[in-house]
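Let us go through the charged side-chain pairs of the structure shown below, taking them one at a time.

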Amino acid sequence: MAAGTVVSRATGLIRNVLQVAALGTALLASTYTTANTVPMSIYTLLIGGALNSVLVPQLVRARAEHADGGRAYEQRLVTLVLSVLAVGTLLAVWAAPQIVAVYTPDTPGNHAAFALTVVFARFLLPQIFFYGLFFIFGQVLNARGRFGAMMWTPVLNNIVLIAMFGVYLGLLAGPDRVADITPGQIELLGIATTGGIALQGLALIPFVRAAGFRFRLRFDWRGTGLRKSFTAARWTLLFVLANLAAMAVVTHYANAADQQLPTAGAGYTAYTTAQGIWTLPQSIVTVSLVTALLPRMSRAVAEHRLDDLRDDLSRALRVSGVLIVPAAFFFLAFGPETAQLLFAHGAVDAASARPIGQMLQAFGLGLIPFSAQYLLLRGFYAFEDTRTPFWMAGWIAGVNIALATACHLWLPARWAVTGMAAAYALVYGAGLLATALLLRRRLSGRLDGRRLCRTYGKLTASAAVAGALGWLAARACSGLGTPPGWTPVLALAAGGATMALIFVVAARGLKVSELGSLPGLR
């Protein structure tokens, strides 16, 4: 499963590099990026949040308790999910202008960019249905203990987009301004992007059939327990609303920065690009662990084995920290070099890539609490408790909106979005502390806190020393007078190698036993 996630994220990184090379990071790119953000947001709002957090435990329970192994429950659930998403997709395409207006303002000076975002959205909103297809079939597989296919099929989507952006770069003259993009370019971007998501979802059908699932439309929902599932999901819906509200505000402000500085590349596309790089370690390590652990933790709660749940959470936090903590310090030390190496190509030069690197540094250390809080929330979901995660999300979203608004009002446009990235990281630090305290109360006052603090303290000390020495090594290489194109390569190679070596030596010296979970370091 981790291997599939690594390949998926690696091809996703190649896709993002080509997207930035083709479209740049300025206002034109943000019209496509904003429109491509909307389908996942609507999917999550309609059913995605409930599917991931509430319905997996319900599927596990149905397979364990129902006489038919949960087969009828699965068929009804899949029918209901796809029905809701089909209707929701049609309504979203119809209401595209109103939806886009939430994310970017329609002003006289910005009307062309707004109109282009709406056109892109009409092409991209059908992704809502195919996201649902992918996730519901993926959860059916997860409930059966089969995790690999859901991690590998996103590679197909990435391959489609890599080919599409390659064609865009190789055969078409990429425009620099919103007014210069042609209908053919819009159609290529829109159809191929949605086609990749459709392929990703449809590719799971052979796997669910091989796992024994047979789809049959079943509309006999009354009296089957689905009401209980969706009653539990109402708090998850509010949780999703809180997160989407914060994201919509940040997107709105970041697009405003693009409008004020349309060629600076310091707005929404830069923000999402930096955030995508920043979340890579969490996506590979933590999400893979959670995907495997959630059904297991749900069974532990159902069987009243709280010690096993506590042990699973503690071990997952400690093992994931071995990679998450040094990754956070790597972004802090080498954000600009990483951005220049990956994105200073095609439509983007070194100066245009610099805001991405600075935002990556601003996100930096927030990766540690962001990843840990994501994992701890799954402890509440194992109890089928969705109310507590909502209150946590509401608090985090409220503070994030307040800090983002302060950045928007008080910082220059060039630095406003970088400030929002730092605020995002800061908020999750406070959110982690509150989440840990509440979950400890739920687990009879024990969360293995001493061992967790001891392990993370050692990892942080090791990574901080390693990052500082790696940064010095990178600075030394930057002053060697190498050609400009090779400077970030040599700096990252020297700095990264130094940091990795020092981190391993320091962590071993501090007797971090979880280091043995990494291949080759046992």
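What does R177 count as, buried or exposed? In this predicted model, R177 counts as exposed because its relative accessibility is 52%, and the cut-off for that class lies over 50%. Its side chain meets that of D180 in a salt bridge, with 3.1 Å from N to O.

The structure holds 8 salt bridges, and the following pair has another setting. R318 and E514 form a salt bridge in which the closest N and O atoms are 2.6 Å apart. This pair links distant parts of the chain, since R318 belongs to helix 14 (residues 306–343) whereas E514 lies in the segment after helix 20 (487–509), 196 residues apart. Both residues, R318 and E514, are buried.

A further link is made by D385 and R442, whose side chains meet in a salt bridge at 3.0 Å, N to O. Here too distant parts of the chain are connected: D385 sits in the loop between helix 16 (367–382) and helix 17 (387–410), while R442 is in helix 18 (residues 413–442), and the two are 57 residues apart. D385 counts as buried because its relative accessibility is 12%, whereas R442, having a relative accessible area of 36%, is partly exposed.

Finally, salt bridges can also join into a network, as they do for D307, R310 and R446. Side chains of opposite charge can pair when their charged atoms come close.

How values were computed: Residues numbered from 1 in each chain as written. Predicted model: local features only at pLDDT ≥ 70, side-chain atom pairs only at ≥ 80, totals over all residues. Heavy atoms only, no water. Salt bridge = Lys/Arg side-chain N within 4 Å of Asp/Glu carboxyl O. Buried < 20%, exposed > 50% of the residue type's maximum accessible area, 1.4 Å probe, protein only. Helix = DSSP H or I, 4+ residues; strand = E, 2+ residues; numbered from the N terminus.
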